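Have the model open as you read.

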Amino acid sequence: MKIKNRRRLVNYLNILDQPIRFSPFVFSRNFLLWALLGIIGGIISGVYWIVLEMLMHGLAIFEGWQVVPVMALSGLFAGFIIYFFGDPGEIDLIVNNIRFNKGKLDYRNNFSMVLSSLLCVGSGGSLGPEAPLVQVTGSTGSWFGKVLRLKGEDFRSMTIAGMASGFTALFGAPLGGSLFSLEILHHKHAAEYYQAIIPAFVASCFSYIIFALIVHLGLGPIWDLPTYEMQDKFDFAYAVVFAVAATAFGWIFIFCTKFLKGMFSKLVSPIFIKTFLGGLALGLIAYFFPLTRYFGHHQINELLLTELSLEFLAAILAFKILAIAITVTSGWRGGFIIPLFFVGATLGLIIHKLFPSVDPALAIISCMAGINACVTRTPMSTTILLATLTGFTYFIPILFASLTGYFLAPRIPFISSQMTQKVKTQE
């Protein structure tokens, strides 16, 4: 009897796996799986964001000199979590597993990733929640693929769809999140995993709906850029110039990170010592420049709406780059996309201060696009994300700025696992 039931179950699954016969549309069981994965990704992201907001508001009461011990202790506790519960890895590991490990992300380290990243981001580290969410929702997609016994590209597509659902939830841009989950995997051929675009897009759309219902984030532009009016048909050329300046600071950030990474690697000690030292340094920076604390989600608006001197903006630019580099290299967990947007916005304001005739919105959006595309190698998704997050309706300058940052980026990418195996072998 059991054998008959199993055969019947297998037969039903085979039927469900085919396009639904009574429907004239392209519709299969896979659509339902991608949608379910997106719903779960939206729920995970929504709960994570609510807890993160509570933690940030709770720790924000510590100001002045108090921020130094708070961030140092947060780093210490985050290091303890990673040390005792397992190292969840960073974006390098995610990209490496997608490309060279058949798309398998280990969901057993999600507990460590969630707790450590909540402490790191919530206490004021210069990294955002996008990378932890991508890790958790991507590994959930891997778990789906394992349960359903998917193989090859079907398995990899399920993982990528999970990643896209987490990224989309935070940024509120289904198309941008879908493209990002593909672009971040390879710095030369973004179409290498193009077959995963539909799974990623479906999961992103459902994740967006659920996340928006839970926290009402992503329902409109979140950063209040000055109103932009096209004054010259060659504004795209100005965007390229501004992006060149942003790319230069992208190079500075990359070299600063590599230098500090070398310094921390020479420190032979458990990871909680490194995270403690990193927290101590971040606390000191936040004490002197409070605007550099946190990852920039709310701070970008504060930056845009406050009249700041040129000297102060220059100091914020320098110390924010340093803060992001310290956060990345000292073992703190999080993503650097929104912090890079903050750096780009600061640079755009500096350019406007130096040249008042320059449109501030154009300078800001171009610098944000240029530096992010330079570091992450994601020009297409960067363009769509910024248009969504800022409500910048004139699409062309963002695209030109993103492409400028992409093509002027260092040959060896910041995310080392984006390199091809051939380049890795040579080095």
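The second largest pocket is lined by 5 nonpolar, 3 polar and 7 charged residues (Ala, Val, Leu, Ile, Met, Phe, Trp, Tyr, Cys and Pro count as nonpolar, Asp, Glu, Lys and Arg as charged, the others, Gly among them, as polar). This is a predicted model, where local features need pLDDT of at least 70, side-chain atom pairs count only at pLDDT 80 or more, and totals for chains, interfaces and linings use all residues. Numbering starts from 1 along each chain as its sequence is written, and side-chain values use heavy atoms, leaving out hydrogens and water.

That pocket holds about 310 Å³ of space. Closest to its centre, out of 15 lining residues, sit Lys104, Ser142, Lys146, Leu150 and Phe155. Helix H6 (130-147) and helix H7 (152-171) are the elements giving two or more residues to the lining, and H6 has the largest share, with 4 residues.

Now for the helix pair. H13 and H14 pack with their axes 9 Å apart, at an angle of about 160°, so H13 runs roughly antiparallel to H14 (angles over 145 degrees count as that). Their crossing is left-handed. The contact (heavy atoms within 4.5 Å) includes Leu313, Ile316 and Leu317 of H13 and Phe342, Val343 and Leu349 of H14.

Here are the two sets of residues by class:

| Set | Nonpolar | Polar | Charged |

Technical notes. 1 Å grid on protein atoms, 1.4 Å probe; cavity = no way out; pocket = protein on both sides within 12 Å on 5 of 7 lines; lining within 4 Å. Points joined across faces, edges and corners; volume = space filled by probe spheres on them. Axes fitted to C-alpha atoms, helices over the stretch in contact; angles between N-to-C directions. Parallel < 35°, antiparallel > 145°, perpendicular 65-115°, else oblique. Left-handed = near helix turned anticlockwise from the far one by under 90°.
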